[in-house]
Each structure stands twice: as structure tokens, then as C-alpha cells.
Amino acid sequence: MTTTERTRYAPEWLALREGADATARAGALLEPLRRQLTAGAAGPAQEDMVLVIRDLGCGTGSMGRWLAPRLPGPQHWVLHDHDPGLLLRAVAGIPCAAEDGSRVTVATERGDVGRLTADALAGTSLVTASALLDLLTREELDTLAAACAGAGCPALLALSVTGRVELGPADPMDAEIAAAFNAHQRRVENGRQLLGPDAVGAASVAFARHGMIVTAHASPWRLGPDDDGPVSPDNPDGPDGPDGPVSDGPEGNAPESHGPEGNGPGSEGPGSEGPGSDGLELAAEWLRGWVGAAAEQRPELADRAEAYLRNRLAQCEAGTLRVVVHHSDVLALPVPVPGGAARSGDRAARGAAAGARGGSAGGVS
């Protein structure tokens, strides 16, 4: 694992970015998700239903801290990560109550999230993840899409990098550093070709091919002073503006939604919002990782990259650097079955109710 990758998973980095992540997440995707999760649950059946939510590559649990209080009803979160230390942090930070005050319980699992099957997702109401898709291969992503589709399980996959970065004031090296960083994100690692900034487009294609309805929505970080407006005049959030959808696949212009026939491509505690201090501390740490990965990919850039980084960090310290790091959130929903109800894990979440009610944090290898 490279220094860049070690930094990526460090608890300190995850804590630093949590506020910016919370601000960036595409809240517009919550309403269609809520409709999906409550479809077909009415009357006495609703009283027994527990939402079983699997958070893949959970890190320190920021997705659970953001999402659990925004969904109603009893919830049982299953946190997946390879790192036992991160799992302990995640369990400790999950809120105890849902939006309506219902109980939230939690368990943990360690294992390879790239090998999940429909059987493994049986009874799951929702699969979610943050900043994960770009770390997968095309084959692993297709396996995940097939598993969700086979289980009739929605997926909310947030904050995938799109390869677009804007900095102001502009510097002649911006484009060169960005290209080298994107190449680093697409590298072959241990025989695995990572998707990097192609992940959102690949996810739109994969989930649609497996019969799910896919919507992508912009979720950019905006760091630094914003009193002068956007970094550049070309509307960095895509054709629909800051609240509109964007899907940045290999072609950079995939449509918002894809049906079964589609061909389109910080605080550590609960409730943290906003990047804080204009995001300058996060911007500085992000810059170090961004430039470091670029120089790792193209060692011949090292000397110029070092000078570029010094200049950018000085701008950060002076409070004059503005940064937009583009991400996209993806929501994949099963096609409703005849009669108007969605499968959503075949509503088998009710079968997990007893375990969730007694739920305490646990570990399963």
C-alpha cells in the first residue's frame, strides 16, 4: 500500500473530510429512496419491519451518522470494513435513534465487499457506501450490481470522484497535475484495474444492465472562500446547475437516469455538518494527497510538483485558494414489481426484526 493509500484510510483523514462529505451528499436522492424503502409496507406489516442497511467500506461510519437520522423507522446497520480499528470507531459513532426516534442497532462484518452475492444480501433493505466505487474494478462493480439486482435491494453509493477539479486562482500546472492524478486513480494495483474517475459512469451502466433504475447527482466539495462565486464561469455542477444531476463516466456526459435499457455510463461525532474554517484545513490536506499521487504516478513531475504544492499551500494559509472537487452520488432502485410494491430485499427485512431489536455491536469474520 502506498503512502497515498495509507493516508486515504487514516482515521484522521476520514474525520477531517466528514463535514465536507455531509454538506456535499446529494440530499435530493433521499426522497426517492424513502419512497422505495416504504413501498409495500402498510398496516400491521409495517410495525414488524426493520430496515437492514449494509454500509460497505464503512470507514469510521460517516454514512451511518449522516443517513440513519434521515430515515424513519427501526434500523439495523451492518458495517463492512477490512480494518477492525475503523469498525470499532464506526460502531461507537452510529446514532441510537432514527428520524422518528425509532431504535437503531448495529453489527459488523469483515470481508471482501467485492464478492457479495444476492444470497448474501437476502433480507437487506439498502446497500450504501461512500467513496468506494472508484476503488473497485469493473468486474467487482458488476458483481455488486448483480447482487443488488438479484436481491431486489436499492443501492445508495455516495461521493465517487469524477476526475474534475477546479482551483482558483488558476495555475498553469493544474491540468497536468489533474491528469496525472486521474491516471493514478485508474492504476493497476495487485492485478486489479481500478475504475477511478470512470466509476460513476460504469455504475450507471452496470446497475441499468441488471435491470435497475439509476440516478446520478452531483455532490461536490466546495472548499475555501466563496464570496466571489464559482471558481470558473462554466457551471462546475453540470448542465442542471448546483442542484441538478451529473454523471461523469468515461464520456463525461452520461444522462441522469438509466432504466433497464439504459446505456449511460470534520468532526468525528454524529451530526457534523460543513467543512469548517472554510474548508482550508481539508483543502490543504487534500492538496498534499492530490499532488502526491500525481507525482507518484509521474515521477518526472516531482520537482515542479513540489514547487506547485508549496505555492498552493501558501494560498491556502492566506485564505485565497478556492477549490471544487467534483463527486457524484448514485442511487440505483429495483424496478417495481406488478401491483406497485418494490421488492426492496423482498421486504425480508421483517425477518431480521428480532435480531435487530436485541441488537448489539458484534463482529463476524
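Start with the largest nonpolar core, which has 62 residues. Select L67, W77, W221, W286 and W290, the ones with the most contacts inside this core. A nonpolar core here is a set of buried Ala, Val, Leu, Ile, Met, Phe, Trp, Tyr and Cys residues joined through side-chain atoms within 4.5 Å. Buried means under 20% relative accessible area, exposed over 50% and partly exposed in between, using a 1.4 Å probe and protein chains only.

Now colour helix α10, residues 280–297: with ten residues, this helix gives the most to that core. Helices (H or I, at least four residues) and strands (E, at least two) are DSSP runs, numbered from the N terminus.

Before going on, a quick note: this is a predicted model, where local features need pLDDT of at least 70, side-chain atom pairs count only at pLDDT 80 or more, and totals for chains, interfaces and linings use all residues. Residues are numbered from 1 along each chain as its sequence is written, and side-chain values use heavy atoms, with hydrogens and water left out.

Zoom in on W221. Which residues is W221 in contact with, leaving aside neighbours within four places in sequence? Among them are W13, R17, L282, W286 and H327, where contact means heavy atoms within 4.5 Å. Then hop to a second, separate core of 32 residues, including V113, L141, A206 and A208.

Next stop: strand β1, residues 51–56. Six of its six residues are buried, so the strand is largely enclosed by the rest of the structure. Look along β1 and you'll find L51, I53 and D55 pointing one way, with V52, R54 and L56 pointing the other.

Find L56, and opposite it in β2 is H80. Trace the chain from β1 through helix α5 (residues 62–67) to β2: this β-α-β crossover is right-handed. That means that, with the strands pointing away from you, the path from the first strand over the helix to the second runs clockwise.

Now show β4, residues 126–130, parallel to β1 and joined to it by four bridges. R54 stands opposite V127, and L56 has A129 as its bridge partner in β4. Both faces of β4 are covered. Four bridges also join β4 to the parallel strand β5, residues 155–168.

Conventions:
Two strands pair if DSSP finds at least two bridges between them.
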